[in-house]
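Okay, thanks for coming, everyone.

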Amino acid sequence: MPALIRLHQNLRKTSADLTPPLSELTLNDTVEEAILSQRVPIRSIVSSPDDGVGLAGHVIKIGGWVKTGREQGKGAFAFLEVNDGSCPANLQVIVDAEVHKLSELVPTGTCVHVEGDLQVPPEGEKQKIEFRVKKVLSVGTVDAAKYPLPKTKLTLELLRDFVHLRSRTNTISAIARIRNALAYATHTFFQNHGFLYIHTPIITTSDCEGAGEMFQVTSLLSEAEKLEKELKENPAPSEADINAAEQLAKEKGKVVAQLKASKGSIEKTDANIADINKPISAAVAELKRADENLVKLQERLKMGERYRLSAGIPKKDGINCTMVTILLFVLSRGSIGNNLSTSTEENMNYAEAYVKFLCQWLLDRCLDDVEFITNSIDNDALSRLRMVASSNFQRITYTDTIKILEGAAKVKKFENKVEWGIDLASEHGRYLTEEHFKAPVIVYNYPKGIKAFYMKVNEDKKTVAAMDLLVPKLSLLNLFLVCWKKYHFSLVK
C-alpha cells in the first residue's frame, strides 16, 4: 500500500500550485497544444474565462469521440459534439460534406482527429465558440447498430457490462477526473510538507485487521463469476414471481384445509373411503409442489442478491474507498492538557489542513466536474465542498461527544443506543456535523476497548490516542491513530 514518510518536523511549506486553475489554463491570444501530440485539449478552449471567444481565428488540431452527430442541409454538412475526456463540456464541430464522408463521422462513439479553425458562431447560438473542420486527419469508425452506449442516460449497473467504454460517459469521466485531481493534490500536499512517497507490498502474508476476510488472492473462479454464469442460464425471479408463488401456496393450503374439514362431516364406509381420501391426497400433492416451487424461487432470489453483492453492486448505498497511509515520526513529548498528546494534536493539524487542501483543489481545478456531479447526482455536493474548505474543524473528545449525543437522544431518536463505550455510528456522526456543529468534527481519545490493540494508551488508562474526522453526509471520512512501540508513530488512513 502506498505510504508517505515524513523525515523531519519543522518543515512548513505553503501549497504550491503545480497545475493552474481553470481560469489560467489559456490566454485569449494563444492556444496551448499538448507538447507531444500537437493536439489542443478541448478543456483549454471551452474552459477559458471567455468560453473560448478570444481564441477565434486560431488554426488547431483536436481529437476526441463523437457524443452526438447529425447531418444538416440535406447532407451538405454535419454538426458533431466532440469530447476528449479533458472536461465535461463538448466542443461543437462543423464538417462539410466536401471535406469527408459524413456518414462515417456522425455515429455516436466515432473517434476523430481533425484540423481546422475556431470560429464565433452566429448570434443566438448556445455555443460561444465552434470548430470548423478543414482537414480530417484520421477516423475510427463504429457500427452504429452495435455500439452499446446510446445517447440516452445509462444506469451504472448497465455500464458494468461495458467496462472498456464507461469512461466515455459523463458520470464516470467526471469521477475519473476528480479522483485524478485528488491523487495529484495528495502528492502535492505531502511533498510540500516534506514527505516521501514509497511503495509497500500490495500482496502480503500479513493479515492485519481482518483484511484476509475481505480480500482473497486465488487462481480459481470467484463465486461472483460462478453465480453470474448460473444466473444467466437460470435468471433470478422477480419480486412479483415470489409473491405469485406465495399466493399460490396459500390458496393450495386453503383447499387442503377445507377438504380435511369437510372429511369429518362425510359418512365413512368401506365403499366411499377411497373417494374421500383421493381429492385430499391430490390437493396435498399440489400444495407440496407449490411449497417446493416457492422455496426454489426464494433460493434463486437470494442467489441473485449474493451475486449483486459479490460483484460489488450494493443493494442501497456503496462507497468506493481509497486509502493513503501516512507515517509521521514523532518523538514522545508528553501531553499538553485535556489528555491531548502532542502527536495527536499534530495528527489533527495534518488532517484538517489536508482535507481543506483537497476541497480547495477541487474547487480551483475541477469546478466544472463538481458542478456536473451537483446537477446530476448530489444537489449539495458543491455547497458541502465549499463549507468544508472554509470551516474551522471542531475538535472534541469522545467523552464530550457522548454527552452531546445523550442530550440529543432526549429529543431525537437514534437507532443505535448512546452510551460511553459504543463505537459511534453513522447517524451519530451526521448529527454532530449536520445539526449540532454544522461543520466538520474531529473526535479524539476513544475508549481503548473499541479500538485496535496497537494504539497508544493515554494517561487515564481508559482511552487511546485515536481520532476520527467526521464530515457532513459521509460521517466518518478517515481515521487517525497513534501506535505505541519504542517511539510514537502516527498513522493516517
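Some housekeeping: residues are numbered from 1 along each chain as its sequence is written. This is a predicted model, where local features need pLDDT of at least 70, side-chain atom pairs count only at pLDDT 80 or more, and totals for chains, interfaces and linings use all residues, while side-chain values use heavy atoms, with hydrogens and water left out.

So, the overview. The chain has 12 helices and 13 strands; those are DSSP runs numbered from the N terminus, helices being H or I with at least four residues and strands E with at least two. Of its 493 residues, 38% count as buried. By buried I mean under 20% relative accessible area, with exposed over 50% and partly exposed in between, using a 1.4 Å probe and protein chains only.

Now have a look at strand 3, residues 77-83. Because 6 of its 7 residues are buried, strand 3 is largely enclosed by the rest of the structure. Who are its partners? Strand 2, residues 59-72, pairs with strand 3 in the antiparallel sense over 7 bridges, and strand 4, residues 91-96, also pairs with it in the antiparallel sense, over 6 bridges. Pairing here takes at least two DSSP bridges between the strands.

Next, strand 10, residues 441-447, where 7 of 7 residues are buried. Strand 9, residues 394-397, runs parallel to strand 10, with 4 bridges, whereas strand 11, residues 463-471, is antiparallel to strand 10, with 6 bridges. Isoleucine 442 is a handy landmark: it is the bridge partner of arginine 395 and stands opposite leucine 469 in strand 11.

Most residues other than glycine have a negative phi. Asparagine 445 has a positive one, about 60°, and its place is in strand 10. Is asparagine 445 buried or exposed? It's buried, with a relative accessible area of 5%. Lysine 461 also has a positive phi, near 65°, and lies in the loop between strand 10 and strand 11. Lysine 461 is exposed, though, with a relative accessible area of 56%.

On to helix 9, residues 367-376, which holds threonine 374. That threonine is buried at 11% relative accessible area. A polar atom of its side chain lies 2.8 Å from the backbone oxygen of valine 370. Leaving aside neighbours within four places in sequence, threonine 374 is in contact (heavy atoms within 4.5 Å) with Asn379, Ala381 and Leu382.

Last stop: the second largest pocket. A pocket, on a 1 Å grid over the protein atoms alone, is an open set of points where a 1.4 Å probe fits, with protein on both sides within 12 Å along at least five of seven lines, and lining residues have an atom within 4 Å of a point. This one is lined by 17 residues, with Val46, Asp51, Ala89, Asn90 and Gln127 nearest its centre.

Technical notes
Polar contact = N/O pair within 3.5 Å; in protein donor to acceptor, adjacent residues only side chain to side chain.
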